[in-house]
Amino acid sequence: TLVFEELTRRPVYLRDCDGVTLEGAVLRFARPAFTQGRIVEMGRDDRGDYLDWRIDAGYSTDLDPVKSTFDVADQRTRLIKADTGDVGFRECAPLGDGRFRLRQSHGRLGPAAVGDWLFTRTKPCEPVVQLDRSSRCIMRDVTLENAGFAAFFETHGEGGHLYVGCKVAPGPLPVGATENPLVGCGADGFHSAGVRVGPTLDRCVWEGLLHDDCIAIHGYLQNVEQVEGDKLILEKGNRGGFVVGEPVRMSGKDGFFDEFTCAAMRTLGDERLELTLDRPSGAPVESKASNPRCNGAGFKILNCTLGNTRSRGILVKADHGLIEGNTISGCGMSAISIGPEYYWNEADYSRQVTIRGNTLTRNVLNGSAAGTIFIHGDGAMGNADITIADNLFDRNH
């Protein structure tokens, strides 16, 4: 067991590594990347409605509640409360002793009641393990506690990493605390961004509440700034991971255009990226492009237990994937969500994904998603060959 005192650092950072195995470790930040407290009063005075929130002893008071986004945990179950989510307040008055009077709520406060918890992430909020530009690493029976954004975080490179029997969980009782920690991770429990071969997650577990998706797998979209026949000029850089001879998938609010091949590529003097395609795309300016070979294709999520998040259980934007045998419960949004998100520039549409034999219980708690399994597009439906078979749906909202 290793406890890390420097909360602004990423404790385990593997860069340009191949075939490294980390096994049997418990890795913990010394303090949680979140805070929690009870609703102790709800009322109305001559200034309108108010809510008094008192932070539990031993948890951080170093935050600005007006700049925070809260979620609600039920006082009896300690789980996400149905019909609540992403609550904010426009006005805050400190009352002393870790107590705040909050007014002008927005979001879904819904049936929140005196005695329920409000919890929110705090800073620092860092990953515990990051695999960067690496390949074929193995995380086996590794437990991460008090994690911030993306407890496990893999970025770029060949990928193909394996996670077996891993766990994301709350840490022990903080010093001075009498209430056990609610939260297992301050944001995503696992986040894969821009790798060429997606991860395999086998028999992994997410415990406690999460502030964001349990598992997120995606690449990157780049904005198209000019179109000249078979040439595209994209914004600066090569975030999308384009390579000569590899696909360029194009879509936008005007439609899904097609998949092309990158015939040539160069960086212009202003650092924008020029791609020459194998044929004219017909795509307009302000469409978006991605390379589906840099989106985590070939991912597998097998026999995992996850959920209890204000967001999605599994959010994937990659091809050739398998989601099988998982138990997903208590998600504020969809249990499984497939498709791009233009707002985040996260790619892309998915092809040839199988969702099979999963048990999906009590999800879509805050009513903000279209379905327990949600196949979506941010402008056009470019997903294809998605198989959904033999899943059990139980009491989803």
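Student: Which strands close into a barrel, and in what order?

Tutor: This is a predicted model, in which local features need pLDDT of at least 70, side-chain atom pairs count only at pLDDT 80 or more, and totals for chains, interfaces and linings use all residues. Residues are numbered from 1 along each chain as its sequence is written, and side-chain values use heavy atoms, with hydrogens and water left out.

The barrel is closed by 6 strands in the order β23-β24-β27-β26-β25-β28, with antiparallel pairing. Strands here are DSSP runs (E, at least two residues), numbered from the N terminus, and two of them pair if DSSP finds at least two bridges between them. Direction ignored, neighbouring strands of this sheet are turned by 45° against each other on average; the axes are lines fitted to C-alpha atoms.

Parallel pairing is found elsewhere, around β14 (residues 152–155). Strand β11 (residues 129–132) pairs with β14 in the parallel sense over 4 bridges, with D132 opposite T155. Strand β18 (residues 190–193) also pairs with β14 in the parallel sense, over 4 bridges, and F190 in β18 is the bridge partner of F152. In a regular strand the side chains alternate between the two faces of the sheet. On β14 both faces are covered: F152 and E154 on one side, and F153 and T155 on the other, are all buried (under 20% relative accessible area, with a 1.4 Å probe and protein chains only).

Note on methods. Axes fitted to C-alpha atoms, helices over the stretch in contact; angles between N-to-C directions. Buried < 20%, exposed > 50% of the residue type's maximum accessible area, 1.4 Å probe, protein only.
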